[in-house]
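Please open the model in your viewer and keep the sequence panel beside it. The tour goes from selection to selection, with a note at each stop on what is there.

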Amino acid sequence: MTAKSQRQIDAIVIGSGAGGGAAAWRLAARGVQVLLLEEGPAFDPAEDYTLHRNDWEQSHFPEKIATRYRQSVAPLQYLEERWDDLRSWNHVRGRLVKQSRRYFGRYNHVVGLGGSTLHYTGEAHRMLAAAMRMKSRFDVAADWPMNYADLEPYYGLAESIIGVAGPAHDPNRERSAAPPLAAHGQSFASKILGMGAKHLGLSWQPNHLAALSEPFDGRLGCNYCGNCTRGCPRRDKGSVDVTYIPKAMATGNCEILTQTKVLRLVAGGNDRITAVVYKDSAGDEHSVSAPHVVVACGAVETPRLLLASANRHAPDGIANESGLVGKNFMETLSWYSAGLHPDRLGSHRGLPSDSICWDFNAPDAIANVIGGCRFTPYMAEADLIGPINYAQRIVGGWGKQHQREMRDNFGRVLAVGSIGEHLPNARSYIDLDPKVVDEDGVPRARIHSYLTDTDLGRLSFMAKTCRDILDAAGVSELREEVGTYDVFHATHVFGTCRMGIDQTQSVVDADGRSHRWGNLYITDASTFPSSGGGEAPSLTIQALAIRSIDRLLNKRD
Amino acid sequence: MNRRQYVKTWFLALYAACGGRAWANAVAQPSPHGERGEFYSLGAFVDTLIPAYLGPSGSEAGVPTRLLARAAQDENFRHMLRAGCDWLDHGARRFGIDRFAKLSDDAQIQIVCEAEAAAAASLERKFFERVRHDVFHHYYANAASWPYISHRGPPQPVGYPDYASPPQQ
């Protein structure tokens, strides 16, 4: 995209993922002239996604900007024998991590117009109200400076924008209206898992998903290919680029510059951000100013930008008066188990995570552990839906025996996965790498990650329950288990610019506004005071962003 | 000459005749990267991992060409392939044959079993695991490999409208 001629800009939004996209749309829809800056390129679903090709399985999401080494990582914790039951392994390779320290897999994100919604599975969850009171109820993490009721109308609005399909009622989350679309049917394999869950006395219900169960808002309904994480060529997945962005553009109030990297914010002496300095797609540096600046780069890159923008007015980094920018980093705590069912199930078919068990989502649902979790089918998320991965990870072998086993086993894998709460701790944080800079001389974000015994106790419960569900579903033999004890693998990250009422204990207020820098807002998951018991954060990020913008504009008006 | 050697000879002849000389040259003639026939036994190794049985062999599915293409770009991979092929040929000499590719099927299988069972840090074990991994990566991206596993093909543009039903047998 190319810049329009110079015009009055009322708000600059940095980042176009769930939070930035929603913020840009709301601003533009309410008549504000918005400049949206996105470091990555736009993607064309019809051209860039390769699910129609014979070699579709050979690659994951077709990144245009590599993310594997975009951040550095501090040495991770040593692995202990007492947690050996949480080691990742598969049938072909044995233990996946042979070293003595936790292995850094990746911080799984996308740099592009739409951010990580480009490769997400589309789970559209609302936070559990109880999970928003972790400090006052359990003396861990922090309380959200708002109630679920404050967010509820914004959840409904976000659902209507992206097109959420799911059950009309959720006994644990009040809704003023049903989702815009009826729930998807459960895949045949998910129904088998559901029978296993129910045999254990667990619930198993359709999940809320930002994937269309029928045509909606000019987009096609889903055809259940199961490859949401590789990019949706049909645009039925509610990623930001096919929902908020077109709507923002349609207002005529939103200008988008892609391949535009923000280098720093400029803090002025009047407690305001006076400029945003960025490098455009030609490599030229520019400075732009606006009355309002909204940062939505995610829980790793937002603190990086703020810390790297330190100057004489903000010597410790922008908005870091509390010292908490980068602190309280929360990551994805996850586990899955996969095995072979005696019957051919065609388990490569259907939506990822089309069903869910919320029974242990509440913070006090797991005995002797604070922090909840949830369970879903995991064949697609584990990428066990194509013949290459079956051969490499599930079947192995070689020669005629390998071919017989491929013939007999393709489509028989069942997998159950769990995502759980991660509580903030002093050893998990984001800072600036003192030695490593990027191509523009900006220090890279450095990830410090640590899992406490509480987290690992929760993970143990998650692993056991996954195994129990598979066993009850008739899985005769486990073939792979992967968890985040020995492999750091985070998609959902939170907490590094925590919101709160107390300025000494938070970075932004309940509106997402910096306590000190009056025209600076943050609208991504870095503001989350707690991670939730496994809820996918995207819908909450969107709801918070829209609410923040409404609060910003209401104050202005 | 057994069936596999017949098929391979036929395929080589056909491939060369049809202009696909690159792979034929690489496996039977001086390698463009130096030593004579350094990857001569690669095709036979691939076909031991994936023989013509329920589906086409690895060679019939074009896998060696893919491996050699990577070797042309990746020095480390090329060294590993060369060392692995040397190890295979060294094993063949125990049978009085100078090349793994000229061995009987049973002898080839025996040698590959030895590679599979070797110590984890050994050259032959790493060669076996790395090449097998890549063989699967390429083989199962070839449509010719799908019928025998009842895999219909890429997920789009059709998707799986029957996702809620038992799979068709």
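The stops below begin at the contact between two chains and end at a single residue of one of them.

Bear in mind throughout that this is a predicted model. Begin by selecting chain A and chain B together and displaying where they meet: the contact takes 41 residues from chain B and 41 residues from chain A. The area buried between chain B and chain A is about 3,600 Å², and carbon and sulfur atoms give 60% of that area. On the chain B side, pick out B:Gln156, B:Tyr160 and B:Tyr163, which lose the most area to chain A and together account for 21% of what that side buries.

Next, turn to the polar links across the contact, where 20 residue pairs, both residues at pLDDT 80 or more, are in polar contact between chain B and chain A. The elements giving two or more residues to the chain B side are helix 3 (42-49), helix 6 (105-117) and helix 7 (123-139) of chain B, and helix 7 gives the most, with six residues. Coloured by residue class, the side of chain B that touches chain A divides into 26 nonpolar, 12 polar and three charged residues.

Now select A:Arg349 and B:Asp162, which form a salt bridge whose closest N and O atoms are 3.3 Å apart; the count between chain B and chain A is one salt bridge.

Finally, move to A:Glu57, in the loop between helix 2 (45-48) and strand 3 (72-73) of chain A. Is A:Glu57 buried or exposed? A:Glu57 counts as buried because its relative accessibility is 5%, under the 20% cut-off. Leaving aside neighbours within four places in sequence, A:Glu57 is in contact with A:Arg230, A:Gly386, A:Pro387, A:Ile388 and A:Asn389. A:Glu57 and A:Arg230 are 173 residues apart in sequence, yet their C-alpha atoms are 9.1 Å apart in space.

Definitions and conventions: Residues are numbered from 1 along each chain as its sequence is written. Chains are lettered from A and ligands numbered from 1 in the order in which they are written. This is a predicted model: local features need pLDDT of at least 70, side-chain atom pairs count only at pLDDT 80 or more; totals for chains, interfaces and linings use all residues. Side-chain values use heavy atoms; hydrogens and water are left out. Contact means heavy atoms within 4.5 Å. Buried area is the accessible area (1.4 Å probe) that two parts lose on being put together, summed over both. A salt bridge is a side-chain nitrogen of Lys or Arg within 4 Å of a carboxyl oxygen of Asp or Glu. A polar contact is a pair of N or O atoms within 3.5 Å; within protein, one must be able to donate a hydrogen and the other to accept it, and residues adjacent in sequence count only if both atoms are side-chain atoms. Helices (H or I, at least four residues) and strands (E, at least two) are DSSP runs, numbered from the N terminus. Ala, Val, Leu, Ile, Met, Phe, Trp, Tyr, Cys and Pro count as nonpolar, Asp, Glu, Lys and Arg as charged, and the others, Gly among them, as polar. Buried means under 20% relative accessible area, exposed over 50%, partly exposed in between (1.4 Å probe, protein chains only).
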